[in-house]
Amino acid sequence: MTPVALADEWAAAAAAVTGELSESMLGLGEHEVLGPVERPDRELCGAYLPMHTTEGALYVGILSDTSGIRALANALLGEDLDAEIAEPELIDAVGEVANIVGGQMKSQVPNGGTAQLGLPIFAWKPVETPSGAQQRALRLRLGSVNATIVVVSPAPSTLFKKE
Amino acid sequence: MRILIVDDSKAMRGLVRRALRQAGFGSHDFSEAANGKEALDQIHQQAPDVVLSDWNMPEMSGIELLTALRGEECSVKFGFVTSEGTPEMKQAAIDAGASFFVTKPFTPEALEEALSGVIG
């Protein structure tokens, strides 16, 4: 599979899983896929999850603005969406959301079951897409939270560094 | 009964602990570890009755932890609470000696059902 097809396939799966998760575990309400964007806004932050698939390496990012990311973290923790949250807890919670999305994605994609997940990485700005890599970005509305899903294939090897 | 929760996410350890309380296991003693290596040390020192472990963690993964435990003939009851629920991973967990496998996102009822089989 080409990096283009791989990114398309996993981006669609990521958007579907994130939407389902926002309605179930996160309790954010109905979701909507608003459509593709060329690249995520520079102001967005979020968690990236590296994945090794049989078709190649990629990473999936769940991004939002700072208030949206805080809302996602608080939703996981069962707190008010705009509650104050310390940075380490925010990073940990959003990373766990990315981890759950990654795990669920594996069952949405043909041959996804053999994919291996890396550890989530938080970034305060969107990670630069490496030269030659394919990026797909989809904007979502998760209840009242706007988010962007990013899939980049192939992923830079530095994202797979064992912590 | 002592229950050890192993997950590299503090948030998830808290969610598991809360779900266990909601599932009726609140009277048990809980302890936590952030990876398999920490868990192995705690198991040696505190001998918990049940271990609920994530799969994908730094330092030592959940399956590496379980393999290490069974390798030293430790028969502590062990189950996975993980975001990855593929048939291949479930089979690997069972083959390694796991008693149950719960996939995130989970409900208190799912944890109750899983644990009721191992807690008498």
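Q: In which loop of chain B is P105(B) found?
A: In this predicted model, the peptide bond that runs from K104(B) to P105(B) is cis, with omega near 0°. As for its place in the chain, P105(B) is found in the loop between strand 5 (100–103) and helix 5 (108–116) of chain B.

Q: In what order do the helices and strands of chain B run from the N terminus on?
A: Chain B has 5 helices and 5 strands, and the loop that holds P105(B) lies between strand 5 and helix 5. Read from the N terminus on, the elements of chain B run β-α-β-α-β-α-β-α-β-α.

Q: Is S83(B) buried or exposed?
A: S83(B) has its place in the loop between strand 4 (77–82) and helix 4 (87–96) of chain B. A residue counts as buried when its relative accessible area is under 20%, and S83(B) is at 1% relative accessibility, so S83(B) counts as buried.

Q: Which residue has a backbone oxygen 3.2 Å from a polar atom of the side chain of S83(B)?
A: Not counting residues up to four places away in sequence, S83(B) touches T103(B) and K104(B) in chain B, and N99(A), I100(A), G103(A), Q104(A) and L117(A) in chain A. A polar atom of the side chain of S83(B) lies 3.2 Å from the backbone oxygen of one of these residues, namely N99(A).

Q: Is E73(B) buried or exposed?
A: E73(B) is a residue other than glycine with a positive phi, near 60°, and its place is in the loop between helix 3 (62–71) and strand 4 of chain B. Exposed means over 50% relative accessible area, and because E73(B) is at 73% relative accessibility, E73(B) counts as exposed.

Q: What radius of gyration does chain B have?
A: The C-alpha atoms of chain B fill a box of roughly 35 × 35 × 30 Å, taken along the principal axes, and 55% of its 120 residues count as buried. With 120 residues, a compact globule would have a radius of gyration near 14 Å, and the value for chain B agrees with this, being 13 Å.

Q: What radius of gyration does chain A have?
A: Along its principal axes, the C-alpha trace of chain A spans about 40 × 30 × 30 Å, and buried residues make up 52% of the 163 residues. A compact globule with 163 residues would have a radius of gyration near 15 Å, and the value for chain A agrees with this, being 14 Å.

Q: In what order do the helices and strands of chain A run from the N terminus on?
A: Chain A has 3 helices and 7 strands. Among its contacts with a separation of 6 or more, 69% are accounted for by residues 24 or more positions apart. From the N terminus on, the elements of chain A run α-β-β-β-α-α-β-β-β-β.

Q: How many Å apart are the mean positions of the positive and negative charges of chain A?
A: The accessible surface of chain A comes to about 7,100 Å², and 49% of this belongs to carbon and sulfur atoms. Chain A has 10 positive and 21 negative charges, and the distance between their mean positions is 8 Å.

Note on methods. Residues numbered from 1 in each chain as written. Chains lettered and ligands numbered in written order. Predicted model: local features only at pLDDT ≥ 70, side-chain atom pairs only at ≥ 80, totals over all residues. Heavy atoms only, no water. Helix = DSSP H or I, 4+ residues; strand = E, 2+ residues; numbered from the N terminus. Rg over C-alpha atoms; globule rule 2.2 N^0.38 Å. Buried < 20%, exposed > 50% of the residue type's maximum accessible area, 1.4 Å probe, protein only. Polar contact = N/O pair within 3.5 Å; in protein donor to acceptor, adjacent residues only side chain to side chain. Contact = heavy atoms within 4.5 Å. Areas by Shrake-Rupley, 256 points an atom, 1.4 Å probe, with all protein chains shown as cover. Lys, Arg positive; Asp, Glu negative; His and termini not counted. Charge placed at Lys NZ, Arg CZ, Asp CG, Glu CD.
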